[in-house]
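My entries follow in the order I made them.

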Amino acid sequence: MVHDIEWLLNFAHLSPHILQGCGIYCIMEPQKQRAVLYPSVLIHFLEMTVKRIFLFVLTNIAVMAMISVVLRVTGLDRALGGQGGMGALLAASAVVGFAGSIISLLMSKKMAAMSVGAQIIDQPSNETEQWLVETVRRLATQANIGMPDVALYDSPDVNAFATGAFKNNALVAVSTGLLRSMNRDEAEAVLAHEITHVSNGDMVTMTLIQGVVNTFVFFLSRIIGSLVDGDREGRGGGLGYFAAVMISQIFLGFLASIIVMWFSRHREFRADAGGASLAGRQKMINALKRLQSAHEPEYTPEKVAALSISGKRGGVMRLFMTHPPLEERIARLEASVAQG
């Protein structure tokens with residue numbers, strides 16, 4: 001029972017890293033966007049925050065319940081108590097490492113839509129929705145994937161995202177803020193960027209990468225714990241073991257995040273290139289410049305600049321960015337134009 005509690009507590013710590021692999025790709029990092037805190041915006045933000053926390057907790061409960069059942073049925077739960085050797089511990093670590101990522105990916109469409117209040121467009125009710133659906137349909141055909149669900153959500157953020165476990169059953173959602181801020185050519189390029197994420201299978205790829213690094217974080221932290229406070233058979237259980245596991249898991253979790261974020265940034269460059277191929281290179285460049293003007297004020301106070309998406313953030317914090325700085329994404333596309 002002690003070990004059951006111990007691995008559940010450790011999973012609760014590990015779960016934020018697991019859920020990074022849930023397969024939701026945005027054109028921008030939502031948490032880094034500027035917000036004007038008018039009362040209505042603040043109320044909307046608080047409502048969305050409460051909803052996301054509820055969904056996060058619900059997902060974690062589902063994940064932990066599934067892991068408990070799988071470990072108990074397979075007998076791998078004994079490995080968490082130091083029984084069964086390294087092979088059993090590695091197998092148990094893989095169950096814990098991959099379960100959260102896979103479940104989150106499978107639930108990603110519904111979870112993402114619920115978290116932002118996105119409404120799927122079944123029947124377009126106006127000209128803008130009609131254009132949105134037809135544009136996604138055309139881009140999906142060009143990319144040789146099935147027609148994704150198209151959704152619209154009310155938010156001042158200039159953003160869009162794609163998610164889904166399968167190429168032919170994905171979701172592309174766009175904020176009302178993006179449609180208000182961009183012209184049709186720029187919005188088309190953003191949609192092409194998201195469609196490219198789907199066609200490239202980025203959601204599944206990132207889920208697998210996240211599962212692998214989660215597995216080794218969980219596995220290696222317990223090896224370290226056994227070395228610090230374990231018996232001759234490598235079984236832990238004391239306070240020293242528990243403390244060593246927690247500390248090493250935090251440290252290894254940071255290292256794992258760096259690896260995952262590097263892959264994420266790399267795939268953003270690929271999605272930009274794919275968006276340029278589908279919609280036109282200049283449209284993609286103009287869309288990124290529009291995002292840059294929307295999210296980067298001409299003057300950013302020094303204390304705020306460290307939290308900005310502008311790319312002025314440097315040093316260690318750059319390692320944890322999910323998206324490359326916009327100026328780098330623009331420069332890479334412009335360089336490809338010059339070379340072409």
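I take buried as under 20% relative accessible area, exposed as over 50%, and partly exposed as in between, with a 1.4 Å probe and protein chains only. Helices (H or I, at least four residues) and strands (E, at least two) are DSSP runs, numbered from the N terminus.

**Ground rules.** I am working on a predicted model, where local features need pLDDT of at least 70, side-chain atom pairs count only at pLDDT 80 or more, and totals for chains, interfaces and linings use all residues. Residues are numbered from 1 along each chain as its sequence is written, and side-chain values use heavy atoms, with hydrogens and water left out.

**Whole chain.** I find 11 helices and five strands. Of the 340 residues, 49% are buried. I count a contact when heavy atoms lie within 4.5 Å. Among contacts between residues at least 6 apart in sequence, 75% join residues at least 24 apart.

**Strand β4.** I checked which way the side chains of residues 160–163 point. A160 and A162 point one way, F161 and T163 the other, and all are buried. In a regular strand the side chains alternate between the two faces of the sheet.

**Pairing.** Two strands pair if DSSP finds at least two bridges between them. β4 pairs with β5 (residues 171–175) in the antiparallel sense, over four bridges. The partner of A160 in β5 is V174. β5 also pairs with β3, here in the parallel sense and over five bridges. A151 has A173 of β5 as its bridge partner. A151 of β3 also stands opposite I120. β2 (residues 119–120) and β3 run antiparallel, joined by two bridges.

**Strand β3.** How many of the five residues of β3 (residues 149–153) are buried? Four are, so β3 is largely enclosed by the rest of the structure.

**Helices α6 and α8.** I looked up the axes, which are lines fitted to C-alpha atoms, for helices over the stretch in contact; angles run from 0 to 180 degrees between N-to-C directions. The axes of α6 (residues 184–199) and α8 (residues 239–279) come within 7 Å and cross at roughly 125 degrees. That makes α6 oblique to α8, as angles under 35 degrees count as roughly parallel, over 145 as roughly antiparallel, 65 to 115 as roughly perpendicular and the rest as oblique. The α6 residues in the contact include E188, A192 and I195, and those of α8 include R267, A271 and L278. I sort the contact residues into six nonpolar, five polar and five charged. Ala, Val, Leu, Ile, Met, Phe, Trp, Tyr, Cys and Pro count as nonpolar, Asp, Glu, Lys and Arg as charged, and the others, Gly among them, as polar.
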